[in-house]
Amino acid sequence: MIQPEITDKKPNKCCIDDTSNNLYYDYGDAVEWEVWHCIYCHESYVVDIEIVRDFENMKQVKTNETKK
């Protein structure tokens, strides 16, 4: 999937309001980016996906087939 073209315009105030859920997921490649759509101003935004690995809470695999 090809990422849509983007502009240099800043997000509208209604889209970055932390106290409301104005944005909903529309589509994306589910690996690097997603498109979110504002229910008030009807603008869409590309949002980069950031994967954070949680090594603090890792769990051991019961059967480890990668051991040699």
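## The largest pocket

Strand E3 (residues 44–48) gives the largest share of the lining of the largest pocket, 4 residues; strands here are DSSP runs of at least two residues, numbered from the N terminus. This is a predicted model, where local features need pLDDT of at least 70, side-chain atom pairs count only at pLDDT 80 or more, and totals for chains, interfaces and linings use all residues. Residues are numbered from 1 along each chain as its sequence is written, and side-chain values use heavy atoms, with hydrogens and water left out.

The pocket holds about 360 Å³ of space. On a 1 Å grid over the protein atoms alone, a pocket is an open set of points where a 1.4 Å probe fits, with protein on both sides within 12 Å along at least five of seven lines, and lining residues have an atom within 4 Å of a point. Of its 15 lining residues, Ile6, Thr7, Lys9, Ser44 and Tyr45 lie nearest the centre. The lining splits into 6 nonpolar, 4 polar and 5 charged residues.

## A nonpolar surface patch

Met1, Tyr25 and Tyr27 make up a nonpolar patch on the surface, with about 340 Å² of accessible area together. Met1 sits in the segment before strand E1 (23–28) and is exposed, at 67% relative accessible area (exposed means over 50%, with a 1.4 Å probe and protein chains only).

## Two positive phi values

Most residues other than glycine have a negative phi. Ala30, in the loop between E1 and strand E2 (33–38), has a positive phi near 65 degrees, and counts as exposed at 57%.

His42 turns up in the loop between E2 and E3. His42 also has a positive phi, about 65 degrees, and is exposed at 55% relative accessibility.

Methods
Points joined across faces, edges and corners; volume = space filled by probe spheres on them. Nonpolar A, V, L, I, M, F, W, Y, C, P; charged D, E, K, R; others polar. Patch = residues over 30% accessible without salt bridge, like charges linked within 9 Å, V, L, I, M, F, W, Y side chains within 5 Å. Areas by Shrake-Rupley, 256 points an atom, 1.4 Å probe, with all protein chains shown as cover. Salt bridge = Lys/Arg side-chain N within 4 Å of Asp/Glu carboxyl O. Buried < 20%, exposed > 50% of the residue type's maximum accessible area, 1.4 Å probe, protein only.
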